[in-house]
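Trainee: Before we discuss this model, could you show it to me, so that I can ask what stands behind the words used for it?

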Amino acid sequence: MKAAVWATAAALTAAGCAVGPDFHAPPAPGVDRYLRDGNPEQTTSADGVAQRFIAATVPADWWRAFGSPALDKAMETAVASNPTLEQAHANLRAAQDLLRAGAGVFYPQVAGSADVSRQAAVPAKLGQTGASSLFTLWTLGASVSYAVDVFGGNRRAVEALAAQTEGQRYAVAAAYLSLTGNLVNAVIARAAYGAQIDTTRSLITVVREQVEIAHAQVEAGVMAHASELSLAAQLASLEASLPPLEQKRDQAAHLEAVLTGRFPSEADAADVALSGLQLPVDLPTLVPSELVRQRPDVLAAQARLHQASAEVGVATAAMLPALTLSADYARMSARSADLFGAQAGAWSLGANLVAPLFEGGTLYFRRAASKQALQAADANYRQVVLASFEQVADVLRALAHDAAQLDAQLRAQSAASAAVEEINADYRAGVASYLQVLSADLQYQQAVLGTLQVRAQRLQDTVALFLALGGGWRGASLEAPVAAHAP
């Protein structure tokens, strides 16, 4: 009989349908380019380098393209020790465990019980006569129940948990992407601020000399005092620009420490100079239709859409009848020694069908709310896709503009350098003053400062392209390890 019960349950489950929409991944966008005038093949040449866009996916260790062993070492430490990434892994493990827990609904629920109680039997309660009696009732029993998933509500609930787990997997990828991108940008920023600080200090030295010369000329009566004050104001302005640069450099160093799982006081920042960072020449690009399969934010939005779709099925199934099969077996006796006697056994088989008849609109409006949530998830997915294409387009334009700006800045620096040489020649020939030499040197140092800023921006926009295309997370090992700090 028990076999017949479970066979019936299996047949009903197999024959049942899962109500609600069946989820299908949204199709890839039907566009073939990121920019209105087509995808670029390369940037203009600047500083002897024209960056080329090649059809390739982002490698897992894309930061190695910058050619800095110190950066590579810092990245290894960060991936192994970053608390945010560890938190994402823990959340993923929790989601996986909740999925396993939810899948238990597909199995029979078995429970055992043991009970002993002292009872009084009163015949009058049953309309009989006689004296009451006291006895002890010993009971051992087991029960089995199975919720037949006729309309697929349980299947949709587990489907929603599976989508939630998948979304958490993409959250790990997003955390990895954020970590690697932030660390590379922090290293570039600290190197760039260090170079700007050195150049600014050189500028301060030059202007300070100008101020001293101007003061001497004012004392000699050959220069107006207003000219000295103008130079002094310029010197003070340069000196005032130095602390903010030093603050930003220190902030970048502190960020590096935190990203690698250390306190700022324990910072052991990688010794990376801006000149020691190579500009990647060959940059990967993706066919636009492939972008939505590579970016974790898009895939996470798709997982949320899948979860919302499954929850419509859960809400729909709640409005329909629910069938539960059960079987109970027990042995009862007034004496423990007789529990396994021939007369002590009792059993029952049952089927319970429950259908909601009136819930005051609760179930109807829950389903309506889940359908609205599905529409919201769909709109959110489409918005995330649009934003991802916008980010790639912005970065492609930025790289082209960086190359053009750097080329112009280098020409300005070259002209300033040539002016320094000519002024120095005139000074040696006695036809130019030392103040003119210092002024030409100041213009050159300012041109160098501008070049440093553009070079750093070009490096960071290159990082932005790697990240906009997905950051190579598919090639990385993103399994959820057991945390070293877990209790």
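Mentor: What follows is a short exchange about terms and the values behind them. This is a predicted model, in which local features need pLDDT of at least 70, side-chain atom pairs count only at pLDDT 80 or more, and totals for chains, interfaces and linings use all residues. Residues are numbered from 1 along each chain as its sequence is written, and side-chain values use heavy atoms, with hydrogens and water left out.

Trainee: Why is Thr 43 called buried?

Mentor: Buried means under 20% relative accessible area, with a 1.4 Å probe and protein chains only; Thr 43 has 4%, and is therefore buried. Its contacts (heavy atoms within 4.5 Å) include Phe 53, Leu 399 and Arg 458.

Trainee: How do you know that the length of helix 3 agrees with its number of residues?

Mentor: The expected span is 1.5 Å times one less than the number of residues; for the 21 residues of helix 3 (83–103) that gives 30 Å, and the end C-alpha atoms are 30 Å apart, so the two agree.

Trainee: What puts the buried residues on the same side of helix 3?

Mentor: Among the buried residues of helix 3 are Leu 85, His 89 and Gln 96.

Conventions: Buried means under 20% relative accessible area, exposed over 50%, partly exposed in between (1.4 Å probe, protein chains only). Helices (H or I, at least four residues) and strands (E, at least two) are DSSP runs, numbered from the N terminus. Lists of a residue's contacts leave out its neighbours within four places in sequence.
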